[in-house]
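Visitor: I should like to go through this structure with you by question and answer. Please show it first.

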Amino acid sequence: MSSEVLIKVENVSKKFCKSFRTSLRYAVYDMLKELNVFRTSDGEKPGLRKNEFWAVDGVSFELRRGECLGIVGHNGAGKSSLLKLLNGIIKPTTGMIEMKGRVAALIELSAGFNPILTGRENIYNKGAILGLSRTEITEKFDSIVDFAEIEDFIDMPVQNYSSGMKVRLGFALSVQIKPDVLIVDEVLAVGDLGFVIKCFNKIGDILADTAVIVVSHSMPSISRVASKILLMDHGKQIFLSGDVPKGIEMYAKKFSNLESIEQGSGEFSVESLEIWSEDCQDYVSDDDICLKNEQTAKFQLRLNSNAEINESFYIGLIIRDRQQRNCLDCISGLNTSAISSQGKKISCDIEVPSLILNTGKHSITIAVVGENTGTFYCRTENVSHFNVIANAHVSNATSVVEGIWQVNNEL
Amino acid sequence: MENKDNNLSVTVYSPESRLRNPLVLMSELFKEYSQGLGLGWHLFVRNMKAMYRQTFLGYLWVLIPPVLTTLIWVFLSKSDILHVGKTSVPYPVYVLVGNLLWQAFVFGLQTPIRTIAKEKMLLTKICFPHQSLVIAGALEACFNAFIPILILMPVLLFFKIPVSVLMLYGLVSVFLLVMLGYAIGLFLTPIGLLYQDVGNGIPIVTRFWFFLTPVVYPIPSSGLAGVVAKFNPVTPFLNFSRDLMTSQAAIPSAEFVVVLIGMIVLMFISVVLYKIAMPIVIERMSS
């Protein structure tokens, strides 16, 4: 990569205070300290005062033009604080941030709109706030309105806009400044599907010429746009790499709740679920069994019947991946009638001819559903887990198949 | 590509205090204020439009307070409830001009905290030259101070006050009065954005201040009131402005010069304080 580094972050830390009143006191103290020209304790990291914590703790990275960094982490990991630091809204406690060129931040898109002024007036105002001149805005006015799709409402006060319309307008304005650095926080969630797709296309459009930083909890979005990933935990930088799938995997691992959860009404309960193991040539109840993507998978399920029910029912085997995406449902009664007989116990042999799932750990949920009432007589999450190995390194889909390909070269 | 990259402006965010290097600070301030000028004007226009769009009487609201206050004091004086000493111009003129000038000072004093606190959303979400808010506030204070003066000046003719070029000088000194208030207000802004006590306290303090300033009555030069008035920074500016605006020749007093110098120094301190304090304050702001 020959393009120049646009964002350089060196060992940046930021501390915040947990108590508001104390934070106000510290603010006054900090102001006085800033005024003290002769202070010499420079360079070293200051300690924490009472009630303080590091919201961002020693983060360093570089980003070049054309690269896109996805920042992931649980709530309160310091992502938004880091974005505020990058955007220059707050000052780092230690460390240094260097940004080159025009910076656009899609953080709170409806910020800077005055509710009782019209959309037209607000475009000029917010444009001025973002650093556009009046003539620049006039030139781009039509394309902004076009992109935001609000032609009909342009002379209506912004307070009557829907939240989606405000976000559209904000986004349209922000990307119009042709940024060198684009910072995107989880803002696009408000827009409707069409607009989200439009935004992603627009980001993809300017990506080649821009250094982009994206914060999102949506792993599909991250894996779609990011070329680098930064995983944060309690302000610390846990993982920084170009291996985006690995970063997503590490992030997802933090949430893998291996406890099984019972959500049904309890007429049925799972006694055991065993998975056929190729190695042992037997059914095993192992949480870390490995299955191959195009192999036949076999399961053996035993249910206890705890109470009589008055209708026939279906049994479902629901498979989810790490990101809790529903990958596969295997439901009894799709080609046979619903199960009506009821003994003390039910045991089923289930065979999935080709698993087609993508690489990663998967969890199984077992459900028993009434045919007519739709009641969940049993719904047990995380009954068991298994790993899948697929020969696909590039895919982020829930399933991958080899397919049957016939490639012909045409002249 | 390389060429293009080399021309890019570089922004550095680092924790050290800007005060350490006064020359850099000065050049930064100069740059930021010249950058913030256009935006400041824009924000000012926006605020003015928005402020009066939700009123029925519109810009009349600028006139109502000084006219009402004047009527009250003239009424008090006419009905002998209040005995005011001899004034150099007819009493209604004295009160009206005094009120307009006092209001100019109060606008200057109150505007910075009010306008900047209103922009919490902007400050906490968008990176923009914060100095533009100082400029927008100053424009707003001047607008609110000058419009009623310009509209009500013709009333003076009714009281046979001669029109002269002195009135123009008077307008310049009204500007100084606004700036005196603004320097004090801006000085209090960072702390006022942290603690609402400041915002709550200012109206109370100004109410007392009003009575210690020769707004509606001349303050006797002897006695406690005289001593307080002597150390009241508003007095020299206000008296000077009123003399000029009622076409009386006036020479700046020694106190006037002292206050003028003090005001310039305070304004400078306030501007620097605002610059270094804002990042700390914004951290504590919620939007």
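Visitor: Which exposed residues does the face of α3(B) turned away from its buried side carry?

Guide: The model is a predicted one. The buried residues of α3(B) are B:Pro66, B:Thr70, B:Trp73, B:Val74 and B:Ser77. Seen down the helix axis, these buried residues fall within an arc of 100 degrees, so they line one face of α3(B). The face turned away from that buried side carries the exposed residues B:Leu71 and B:Phe75.

Visitor: What covers the buried residues of α3(B)?

Guide: Buried here means under 20% relative accessible area, and B:Trp73 is one of the residues of α3(B) that count as buried. The cover over the buried residues includes, from chain B, α4 (91-118), α6 (131-158) and α8 (196-211).

Visitor: How far apart are the end C-alpha atoms of helix α3 of chain B?

Guide: Helix α3 (residues 64-78) of chain B has 15 residues, which at 1.5 Å a residue should span 21 Å. The model agrees with this expectation, as the end C-alpha atoms are separated by 21 Å.

Definitions and conventions:
Residues numbered from 1 in each chain as written. Chains lettered and ligands numbered in written order. Predicted model: local features only at pLDDT ≥ 70, side-chain atom pairs only at ≥ 80, totals over all residues. Heavy atoms only, no water. Helix = DSSP H or I, 4+ residues; strand = E, 2+ residues; numbered from the N terminus. Expected span 1.5 Å × (residues − 1). Buried < 20%, exposed > 50% of the residue type's maximum accessible area, 1.4 Å probe, protein only. Arc of directions from axis to C-beta. Contact = heavy atoms within 4.5 Å.
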